Amino acid sequence: MDVAMVELDRDSLSVCSTRADVVPKEISGVGAEELLRRFLEDLAVRVTEKGCALIGHIKGRAVTPDAPPLFFSITRVGGAATLKGGPLPPRSNWELIVTMILAALEPPAMRQALQESLEEFFELTGDMEEMGHAHEH
Amino acid sequence: MKLIILTGFLGSGKTTLLLEMVRGLLARQPARYVVLENEVGEVDVDGSYLSGQGLEVRELFAGCVCCQLAGALVPTLEEIESSLHPDAVFMEASGMANAHSIVDALDRYCRIIEKRLVVSLADLDRLEMLLEIARPLITSQLEPAQVVLLTKSDLVNPNETQKAAERIAQINPNAEIIGVSALRGEGIGDLIEWMWRWWN
């Protein structure tokens, strides 16, 4: 369960968008899509462990030079990630854009969780680039 | 110009259903549709997906259309109308948007809309929980709707869908309520049929 029983409003939700250049790690028997699913499910768990009270949405896209982009999304721990588009070549350079909209977790903690999940499944070939900020109503 | 506003909490399936609506209506009659995509993140994810599916997309991002970007909404719709002359605009509001605020702003300041439809999405997988912890936001998205789509019906049993429909009817007794699963294609035909009747 990814929900702490607290009352939430729009001000409780923070937004963090991040860009990273990555190469998928080689994991035996795991294709690009499955790797992305595992990454998203891992990220959902990590943000929850860091105090996220509700996953509003974690979504983004993976782009390579030679394939159609792959769009991804997850909304809860234990829920299946949704993938649309692709397929992506497994051992190539990907540009990953990840937007997280979460309750009760500030962007620095979101980025920390993202970095940990990325390092679990990908080799980072450059710095993570912050593209968003907390949402304020 | 007709305006279809899609509202609903984050991750409820707005982008997926928007694509189904546009495709379903285009299959009945050729028309020019433009999508106005609103995202709170600095990066446009959904608009880029819809563009890749061949839709004509304009974007309002890095803020929510019900508050930070409210001032930009009417000029953007006017610009779309004058430059593209669409038959209809499908506007996907951010999942954090208060639909009352959007409707109020449009009713007060926008003179180019001849017909407006508010479609609200409620994710069956999370509706109960969201009504528990974020009721004011969720009800603000459901109350102004003429149609409420109970999405992800493949994830719950029919009894749960029925219970959810009853809860929605308490919040918005006037709305048409349709259960849909984009994954299985269930309910999409009913939705298109309902929209077609509204359209004409």
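Residues are numbered from 1 along each chain as its sequence is written, and chains are lettered from A and ligands numbered from 1 in the order in which they are written. In this predicted model, local features need pLDDT of at least 70, side-chain atom pairs count only at pLDDT 80 or more, and totals for chains, interfaces and linings use all residues; side-chain values use heavy atoms, with hydrogens and water left out.

**View 1. Chain A meets chain B.** Chain A brings 31 residues to the contact and chain B brings 29 residues. Contact means heavy atoms within 4.5 Å. The size of an interface is often given as the accessible area lost when the parts come together. Here the buried area is about 2,500 Å², and carbon and sulfur atoms give 65% of it. Buried area is the accessible area (1.4 Å probe) that two parts lose on being put together, summed over both. On the chain A side, Arg10(A), Phe71(A) and Lys84(A) lose the most area to chain B, together 20% of what that side buries.

View 2. Three salt bridges link chain A and chain B. A salt bridge is a side-chain nitrogen of Lys or Arg within 4 Å of a carboxyl oxygen of Asp or Glu. Lys59(A) and Asp46(B) form a salt bridge through their side chains (2.8 Å, N to O). In chain A, β1 (13–24), β2 (54–64) and β5 (94–103) each supply at least two residues of the side that touches chain B. The largest share, seven residues, comes from β2(A). Helices (H or I, at least four residues) and strands (E, at least two) are DSSP runs, numbered from the N terminus.

**View 3. The sheet of chain B.** Which order do the seven strands of this open sheet follow? The order is β3-β2-β4-β1-β5-β6-β7, and the pairing is parallel. Two strands pair if DSSP finds at least two bridges between them. β3 (56–61) and β7 (176–179) of chain B stand at the edges with a single partner strand each, so one side of each has no neighbour in the sheet. Strands β1 (residues 2–8) and β5 (residues 115–123) of chain B pair in the parallel sense over seven bridges. Within this pair, Leu6(B) stands opposite Val119(B) in β5(B).

**View 4. Two backbone details.** Most residues other than glycine have a negative phi, and most peptide bonds are trans. The peptide bond from Gly86(A) to Pro87(A) is cis, with omega near 0 degrees. Pro87(A) sits in the loop between β4 (82–85) and β5 of chain A. His85(B) is not a glycine, yet has a positive phi of about 45 degrees. The loop between α3 (70–84) and β4 of chain B holds His85(B).

**View 5. A salt bridge along a helix.** Arg38(A) and Glu34(A) join side chains in a salt bridge (3.1 Å, N to O). Both lie in helix α1 (residues 32–49) of chain A, four residues apart, about one turn of the helix.
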